[in-house]
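Here are my notes on the model you sent over, as numbered points. Have it open on your screen while you read.

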Amino acid sequence: MNKRDVDDYLQEGIYGAKETKPGERRRFLGTLRERVVLVLDKGQVMQKQGMDELAEQMEEHPDAKLLLNGEIRYKFRKPYSRLADQHGIHTTSVSNQENDTDVGVILTVDYPIEKETIEVKTDIPSKETKDSPRGKGVKGFLKWIFKPLN
């Protein structure tokens with residue numbers, strides 16, 4: 001072994017194997033952004049949103065696999081696992097305690113597809129109502145407190 005091989009071997013032993021784009025891999029449960037077909041965040045998974053879009057993408061990509069965030073309770077992941085089973089898609093639960101991500105479910109393939117839009121946009125009702133003082137400053141808050149009762 002030459003000196004370079006020994007140094008590489010030692011570095012790999014100390015710090016682990018070199019990987020490309022570690023930030024992307026942490027966010028996307030171990031896969032790269034270029035391979036992602038569809039992403040659902042934790043909130044969408046817990047509210048069972050995005051199931052229709054996920055089913056459509058599973059039909060378009062029968063060779064895909066579904067990555068489930070292992071930090072989410074099983075009862076929330078179960079409907080997505082069943083959907084994957086119905087389409088013959090392999091599922092994997094990814095639990096990495098060192099990395100914190102907002103991603104709940106990822107449909108991914110083993111080759112780059114470079115899809116522009118991978119996130120599902122859902123209509124989550126805003127907690128702010130028309131009469132809410134938030135976002136209007138002090139004047140809006142005071143008007144809200146002292147508004148006449150009808």
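1. First, a term that comes up throughout: contact here means heavy atoms within 4.5 Å. Helices (H or I, at least four residues) and strands (E, at least two) are DSSP runs, numbered from the N terminus. Keep in mind that this is a predicted model, where local features need pLDDT of at least 70, side-chain atom pairs count only at pLDDT 80 or more, and totals for chains, interfaces and linings use all residues. Residues are numbered from 1 along each chain as its sequence is written, and side-chain values use heavy atoms, with hydrogens and water left out.

2. The overall layout. The chain has 6 helices and 4 strands, and from the N terminus its elements follow the order α-α-β-α-α-β-α-β-β-α. Of the 150 residues, 30% are buried (buried is under 20% relative accessible area, exposed is over 50%, partly exposed is in between, with a 1.4 Å probe and protein chains only). Among contacts with a separation of 6 or more, 79% are between residues 24 or more positions apart.

3. The sheet. What is the strand order? The 4 strands make an open sheet, β1-β4-β2-β3, with mixed pairing. β1 and β3 (90-94) are the edge strands, each pairing on one side only. From one strand to the next, the twist averages 15°. As a reminder, strands of a sheet pair through backbone hydrogen bonds, either parallel or antiparallel; here, two strands pair if DSSP finds at least two bridges between them.

4. Strand by strand. β1 and β4 run antiparallel and are joined by 5 bridges, with Val-39 opposite Ile-106 of β4. β2 and β4 are also paired in the antiparallel sense, over 4 bridges, and there Leu-67 stands opposite Ile-106. So which pairing is parallel? That is β2 with β3, over 5 bridges, where Asn-69 sits opposite Val-94 in β3.

5. How covered are these strands? In β1, 5 of the 6 residues are buried, making the strand mostly covered. β2 is largely enclosed by the rest of the structure, because 4 of its 5 residues are buried.

6. α5 lies across β1, β2, β3 and β4, and runs at about 170° to β2. Axes are lines fitted to C-alpha atoms, for helices over the stretch in contact, and angles run from 0 to 180 degrees between N-to-C directions.

7. Helix against helix. Two packed helices are described by the angle between their axes and the distance between the axes. For α4 and α5, the axes come within 10 Å and cross at roughly 25°. That makes α4 roughly parallel to α5 (under 35 degrees counts as roughly parallel, over 145 as roughly antiparallel, 65 to 115 as roughly perpendicular, and the rest as oblique). The crossing is right-handed, meaning that the near helix is turned clockwise from the far one by less than a right angle. Which residues meet? From α4 there are Met-51, Leu-54, Ala-55 and Met-58, and from α5 there are Pro-79, Tyr-80, Leu-83 and Ala-84.

8. Ser-81 is in helix α5 and counts as buried because its relative accessibility is 16%. Not counting residues up to four places away in sequence, Ser-81 touches Leu-68 and Thr-91. Ile-72 lies in the loop between β2 and α5, and at 3% relative accessibility Ile-72 counts as buried. Leaving aside neighbours within four places, Ile-72 is in contact with Lys-42, Val-45, Met-46, Arg-77 and Gly-104.
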